[in-house]
Amino acid sequence: MLGIDSLANHEHNVNVICLTLERLLSDFPLQTVPVLLPLAVETAYDYRPPQGLEAAPGDFVEVPLGATKRIGVVWDPNARSAQKDAPLDPKKLKAIIAPLEVPPLPEVSRRFIDWVAHYTLAQPGMVLRMAMSAPEAFQPATTRQGVTLSGQLPERMTKARQKVLDALQGKSGPLVLAKSELAVRAGVSPGVIDGLLKSGVLTMADLPPERFPEPNPNHTVTELRGQQIAAAQTLREAVRAQRYQALLLDGVTGSGKTEVYFEAVAEALRQGRQALILLPEIALTGQFLARFFMRFGAAPAEWHSAMTPSRRAKIWRGVATGEVKVVIGARSALFLPFKNLGVIIVDEEHEPAYKQEDRVIYQGRDMAVVRAHLGGIPVVLSSATPSVESFVNAQSGRYTHVPLTERFSGAELPALEAIDMREAPPERGHWLSPVLVKEIAETLAAGQQSLLFLNRRGYAPLTLCRKCGHRYECPQCTAWLVEHRYKQKMQCHHCGFETPVPQKCISCEAENALAACGPGVERVAEEVKTLFPKARLAILSSDLLPSLKEQRTLLAKIAAGEVDIIVGTQLVAKGHHFPGLALVGVVDGDLGLSQSDPRAAERCWQLLHQVTGRAGRADIKGRGFLQTYMPEHPVMQTMIEGDRDKFLQLEIAIRKRAGLPPFGRLAALIISSKHPGEAAADAANARRLAPFAERVTVLGPTEAPIFKIRGRHRFRLLVKAAKEIDLQAYMRTWLQALPAPRGSLRRVCDIDPYNFM
Ligand code: ADP
Ligand code: ZN
């Protein structure tokens, strides 16, 4: 029993403890936890740890933010935080509400996010946002309900009911199946199942979690030949070594690059590690997935913009737990939380599609190399037409050069010819030279396929009124409206603005006076239809085939020989095999050259090479024709000669002389506003405040080639710096010297710009 004294004593002790605690707290600041939120924030915010729980770096947590709740990630103790920047009374800190039951974001992913943010000058929160782009993954995993047998038998048995009962009979007891799945397996209508549920013969039960099929590295091993053997060996060793190495798999189209890098994937699987294959989004074809399936006996996980939210969540979690072994994805897949990544493949590494142009502006191929470096793993860059950057790295020995110079089939690359459009011009209002038309006719007669390539969607890039000369322009952009005849719309290719094709001129009201100027794929297709009315024709253009599924269906039809003539945009250039293709005609070989872009020639060469390389893949000798007004241009010359290295050497020499990448560094500052005057004034002011630094030149400001986009008037400044200059530090200093942008004024920094429009 406690006497009065001891009670008092007890109270005294409690007081002493409280006092000591308070002193302790004031001596040692309250423990704080930095939490990075996937928002436009520069730093982590500090929180108190959750009540009675610990929060370790990488944990996903729910935190209060203003009046709402948000999900963020516990960042690292030494992370720069808003608290350290502007100390706050620790007592005012809010506590983390609760940790989430999600696998933590791995250390390497966090370092990667920090690195990308630092390099691109993006807000770390916005980079984290890309790593969390699967919102449903952070919600409590709901187990889906299915149906199973209750043990009761129906009072009256029918054929359909018997089928349902049979379908639920598993080898070791009754199965649990989703209703829709059961209906399909039993071949009955959902009504039958509902009836059985109602009468108690079936009962609801939790569905077992979905398993990811496991790719088997030894499923169907390809017997490699010739140079492929040594190439695969180099790749396998790189994976086995488990340290950073960049390899350039530089092989002509059809040399077996895919087969060879599949061996690197197989090796990673043997090591119990994951693999990531990056493809430009538009190359994520059914054909590619089918090839993967044949080699590994299981489908890979796909990651791209067209996936459903629940699929995204499933893959995100599977990648984080390590259950998903291989991901095939677009550039955003780099930000998935791989538990144990063993190798990254970047297919078509030269593709400009790897550059992301909005929000966080980054070059996916370059960031893949960074991710590999941080993870201590190899990265394989694969291409038939490597970028100048990667090629220079391979020459200097920074990247391991892995060449494949022979086509597997032994088939030669198509013989190329230029058609000088000045000498053999098409008829007025037509776009195909008589030389090309004759070739198509012969190909058709031989029962073979032709492909006509024009990298321009729609019917005509410009429409004008014959009476008053009015040109149809986008109200929000400095751009002509492109007529799309199938959709009967005029469309802006920069902002998506659409309007019906007018019956009479909107300016002078003249009827039937609109004239289409120049060709788009639809117009070339129209010409083909008139020339070859019996031929089976297909147009491959993203606006006519908006979904990946539709694109895959048409591509499969072409591959199966159900089409004679294909007219397509760059959608046709990527990674498809059309075994029956014998002729490729490039309608406008000069199209890519007329840009104010230091990589224009390179891109033009790559695209033309890729398109013409579609021909003659199997046993057919392919032919390619380039319609051009400047056959003497080095791009056309080296193209015809089929001399890629000569083209690259010419290009390298030009870049070296001009101090362009990879021999110098570039960054762009794009200043835009709804009011042209405001943008101009800010751009001029920015120029004035540009810090002086040796071996750094600031060019501009100039009006952007497309001055107005979505109603914003744009000025560009270009920073050229020597290679060893810390360009990011320069840009930061500069941006910090500028007044905070007000109103509709916006400044965007683009490190290593690829888009100069
Ligand atoms: P690339 O990726 O270099 O264009 P692919 O890997 O697609 O080349 O190979 C071209 C074609 O040759 C494909 O149909 C591929 O299956 C086939 N092929 C390449 N190497 C082999 C091989 N060792 N054995 C069987 N088929 C091969
Ligand atoms: Zn527009």
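The legends below describe several close-up views of one predicted model.

Local features are described where pLDDT is at least 70, side-chain atom pairs count only at pLDDT 80 or more, and totals for chains, interfaces and linings use all residues. Residues are numbered from 1 along each chain as its sequence is written, chains are lettered from A and ligands numbered from 1 in the order in which they are written, and side-chain values use heavy atoms, with hydrogens and water left out.

**Figure 1. The protein chain as a whole.** The protein chain holds 21 helices and 33 strands; helices (H or I, at least four residues) and strands (E, at least two) are DSSP runs, numbered from the N terminus. Along the principal axes, the C-alpha atoms fill a box of roughly 115 × 85 × 65 Å. Of the 757 residues, 50% are buried. Here, buried means under 20% relative accessible area, exposed means over 50%, and partly exposed lies in between (1.4 Å probe, protein chains only).

**Figure 2. Atom pairs between the protein and ligand 1.** In the side chain of Gln 228, an N or O atom is 2.9 Å from a nitrogen atom of ligand 1. Gly 254 places a backbone N or O atom 2.8 Å from an oxygen atom of ligand 1, and a polar side-chain atom of Glu 259 lies 3.0 Å from an oxygen atom of the ligand. Taken alone, ligand 1 exposes 550 Å², of which the protein buries 76%; accessible areas come from the Shrake-Rupley method with a 1.4 Å probe, and for residues only the protein chains shown count as cover.

Figure 3. Gly 256 is found in the loop between strand S10 (245–251) and H9. With a relative accessible area of 12%, Gly 256 is buried. Gly 256 and Thr 405 are 149 residues apart in sequence, and their C-alpha atoms are 10.0 Å apart in space.

**Figure 4. An open sheet of five strands.** The strands follow the order S2-S1-S4-S3-S5, with antiparallel pairing. Strand S2 (45–47) and strand S5 (98–99) stand at the edges with a single partner strand each, so one side of each has no neighbour in the sheet. Two strands pair if DSSP finds at least two bridges between them. Strand S3 (residues 60–65) and strand S4 (residues 68–74) run antiparallel and are joined by six bridges. Glu 62 stands opposite Ile 71 in S4. Strands of a sheet pair through backbone hydrogen bonds, either parallel or antiparallel.

**Figure 5. Cysteines without a disulfide.** The whole structure contains zero disulfides, a disulfide being a pair of cysteine sulfur atoms within 2.5 Å. For Cys 505, the nearest cysteine sulfur is that of Cys 465, 3.7 Å away. Cys 505 is buried, at a relative accessible area of 2%. Cys 508 is partly exposed, with 34% relative accessibility.

**Figure 6. Two cis peptide bonds.** Most residues other than glycine have a negative phi, and most peptide bonds are trans. The peptide bond from Pro 661 to Pro 662 is cis, with omega near 5°, and Pro 662 is placed in the loop between helix H19 (644–658) and strand S30 (664–673). The bond from Gly 700 to Pro 701 is also cis, with omega near 5°; Pro 701 lies in strand S31 (residues 696–709).

**Figure 7. Two residues with positive phi.** Gln 488, although not a glycine, has a positive phi of about 55°. Its place is in the loop between strand S22 (482–484) and strand S23 (489–491), and at 59% relative accessibility Gln 488 counts as exposed. Asp 752, also not a glycine, has a positive phi of about 55°. Asp 752 is in the segment after strand S33 (746–751) and counts as buried, at 16% relative accessibility.

Terms used:
A polar contact is a pair of N or O atoms within 3.5 Å; within protein, one must be able to donate a hydrogen and the other to accept it, and residues adjacent in sequence count only if both atoms are side-chain atoms.
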